[in-house]
Structure formats: structure tokens, C-alpha cells
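Please open the model in the viewer and keep the selection panel at hand. The tour below moves from individual side chains to the whole chain.

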Amino acid sequence: MNPDPETVVTLRRATAPDARPAADVWLRSFAAALPTVVSPRSADDVREYFRDVVVPLREVWVADAADGGGVVGLMVLNGGLLSQLYLDPDWRGRGLGDRFVGLAKERSPGGLQLWTFQVNKPAHRFYERHGFVAVEFTDGSSNEEGEPDVRYVWEPKS
């Protein structure tokens, strides 16, 4: 699918019916962006987690395509932690990630942090372009994938 570049996309808070489509975006995005990283959760486990934990208990935002495309991206905030930002692969490069990061900075004006895998070089470039700085590298022993990761921090300019 090649989305129409004129499609209006609205960022809005997720509601319970968004859990399944948001999980499906996460699954497609993870598979496309991180083909060498093995997820320890099945697709059904991911969908359950979104339904039972992520959407009801976190600050979840979705990108909703007005052309009937539904949920095409998601961002999860947990205080000053940008814990997830995933876009449907067909919707990358359209400015949605930029809009999500701008919203995250508005919601957490005192600063943000996030983790991403070391193998995800496009994510590193994306976050660095938005003023995030790598402050910690790990061997992956503390994440469920066992994959080396990096912590990024954004602090507002004083």
C-alpha cells in the first residue's frame, strides 16, 4: 500500500478499540525495522499486552489516517520516558515521527529519555536529529530481547 500523500493524519489519545490496531502497527514496524532482533513475545502476547496494559495504563497516542487507513502509528509515554514510537512501514518518511516527538516534548517539557537497540541505526539518526543524546550503552542483559541497547536523553535548552 502506498498511502496518498494528501491523507490527513490526526494524532489523538488511544482508546480501548485502538489496542488491536496499535499492536498490529507495532508488530509490522518491529519486523520491518528490526529483522535481526527476536521478539520474546508472540503476536498474540503483544496484542494482549496492548489490550490489557499499554492502552489502559499508559499515555498512548495514535496516528489516525482520515482516509479510512485507521491507526498508522503509535507513541507511548510513561512520564518522561518515551517508551515506544512505531510507524507502519508504509507511513515512514511522512513526518509522523517528527510530529510524535514534538508532541512528546510538549507533554514532557522538562526532558525525555528513551531506549533503542544499538542495531537500529535509523532510529539513532532520527532521535539525534531531534536533539537526543546517547548517554548509556548496554550489553542487552537488562532487556527481554537480550539485545544491546542505547539510552538517549533530550533536555530542553535553558
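Select arginine 107 first: with a relative accessible area of 43%, this residue is partly exposed (buried means under 20% relative accessible area, exposed over 50%, and partly exposed in between, with a 1.4 Å probe and protein chains only). The model is predicted, so to speak of local features requires pLDDT of at least 70, side-chain atom pairs count only at pLDDT 80 or more, and totals for chains, interfaces and linings use all residues. Residues are numbered from 1 along each chain as its sequence is written, and side-chain values use heavy atoms, with hydrogens and water left out.

Glutamate 59 and arginine 107 form a salt bridge, with 2.6 Å between the closest N and O atoms (a salt bridge is a side-chain nitrogen of Lys or Arg within 4 Å of a carboxyl oxygen of Asp or Glu). This pair links distant parts of the chain, 48 residues apart: glutamate 59 lies in strand β2 (residues 59-65) and arginine 107 in helix α3 (residues 96-107). Helices (H or I, at least four residues) and strands (E, at least two) are DSSP runs, numbered from the N terminus.

Move on to aspartate 18 and arginine 12, whose side chains meet in a salt bridge at 2.7 Å, N to O. Aspartate 18 counts as buried at 6% relative accessibility, whereas arginine 12, at 25%, counts as partly exposed.

Then display arginine 51 with aspartate 52: their salt bridge has its closest N and O atoms 2.8 Å apart. Aspartate 52 is partly exposed, at 42% relative accessibility. In total, the structure holds 11 salt bridges.

Now switch to a cartoon of the whole protein chain. How many helices and strands does the chain have? There are four helices and seven strands, arranged along the sequence as β-α-α-β-β-β-α-β-α-β-β. The radius of gyration is 15 Å, close to the 15 Å that the globule rule gives for 158 residues, so the chain is as compact as a globular protein of that length. That radius is taken over C-alpha atoms, and the rule is 2.2 Å times the number of residues to the power 0.38.

Finally, colour the chain by relative accessibility: buried residues make up 44% of the 158 residues.
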